[in-house]
Amino acid sequence: MFRYLILMIVMALPLRAEPLRILAMGDSVMAWNAWSGKDIPSVMGEALGAEITSVAVSGANFATRSGNGDIRSQYVAGDWDLVVVNGGANDFANGCGCGACFPYLDLLIDTDLQGMMPAFLRQLETDILWVGYYATGFTGPFSGCRDALVEMETRLSRLAKEMPNLRFVDAEDVIEPRNRAHFFYDRVHPSRLGSRLIGAYLAQQIVR
């Protein structure tokens with residue numbers, strides 16, 4: 001089925017002299033399964049026949065000092081056709097303990113669509129695909145972040161309507177919260193199947 005999907009995506013792609021050049025940035029959701037070559041960027045690249053450079057790192061965030069660095073610093077200047085990015089969950093986990101996070105959310109993106117995230121995205125002079133998170137349906141370290149993450153992505157969706165080069169795509173469209181096959185053993189990160197579903201979905205959205 002997956003090979004058939006890849007074939008359909010490839011057939012839908014416009015003819016190009018060179019493959020798409022895509023930079024993938026973000027946190028562990030983006031990077032998970034990279035050790036087996038089954039992470040979201042790898043799946044997306046295979047489906048598109050694209051050249052993928054993934055700099056996503058587990059624990060990465062936008063603002064907090066703990067974790068594995070600032071997602072904004074992952075950006076590598078280059079002749080990219082597309083930048084794919086996610087993030088925010090680790091900011092809430094580290095910055096406000098997934099508790100009273102709405103004041104912290106405003107630092108990332110406020111109701112006027114200002115903040116660290118918009119400022120970074122507005123600096124990029126290429127097409128951008130922001131990948132939204134999914135609900136897990138399980139209790140876990142990020143369960144208390146849900147409301148803040150939903151509001152964050154609502155604001156990012158609004159931002160995408162104002163920025164011609166930004167598009168928001170929600171991984172929740174293909175991940176079933178209570179389907180354990182879509183999740184790694186920790187019930188937070190995507191399983192290989194989960195990464196494959198998200199990667200293929202992003203490829204479909206890019207083609208469209």
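Select tryptophan 32 to begin: at a relative accessible area of 15%, tryptophan 32 is buried, because the cut-off for buried is under 20%. The model is predicted, and the values below are computed from it.

Tryptophan 35 is exposed, with a relative accessible area of 58%. The two rings form an edge-to-face aromatic pair, with 5.3 Å centre to centre and 80° between the planes. The structure holds eight aromatic pairs.

Together with Trp32 and Trp35, Phe184 and Tyr185 form one aromatic cluster.

Next, clear the view and select phenylalanine 62 with tryptophan 130. Is this pair stacked or edge-to-face? The ring centres are 5.9 Å apart and the planes stand at 20°, so the pair of phenylalanine 62 and tryptophan 130 is stacked. Phenylalanine 62 belongs to the loop between β2 (51-54) and β3 (82-85), while tryptophan 130 is in strand β4 (residues 127-132). The pair links distant parts of the chain, 68 residues apart. Phenylalanine 62 is buried at 1% relative accessibility, and tryptophan 130 is buried at 1% relative accessibility.

Two arginines remain to be shown. Select arginine 21 and tryptophan 80: arginine 21 lies over the face of tryptophan 80, 4.8 Å from the ring centre. Then select arginine 187 and phenylalanine 138. Here the charged end of arginine 187 sits over the ring of phenylalanine 138, at 5.2 Å from the centre of that ring.

Conventions. Residues are numbered from 1 along each chain as its sequence is written. This is a predicted model: local features need pLDDT of at least 70, side-chain atom pairs count only at pLDDT 80 or more; totals for chains, interfaces and linings use all residues. Side-chain values use heavy atoms; hydrogens and water are left out. Rings of Phe, Tyr and Trp (its six-membered ring) pair if their centres lie within 6.5 Å; planes under 30 degrees apart count as stacked, over 60 as edge-to-face and the rest as tilted. Buried means under 20% relative accessible area, exposed over 50%, partly exposed in between (1.4 Å probe, protein chains only). Helices (H or I, at least four residues) and strands (E, at least two) are DSSP runs, numbered from the N terminus. A charge sits over a ring if NZ of Lys or CZ of Arg is within 6 Å of the ring centre and within 35 degrees of the ring normal.
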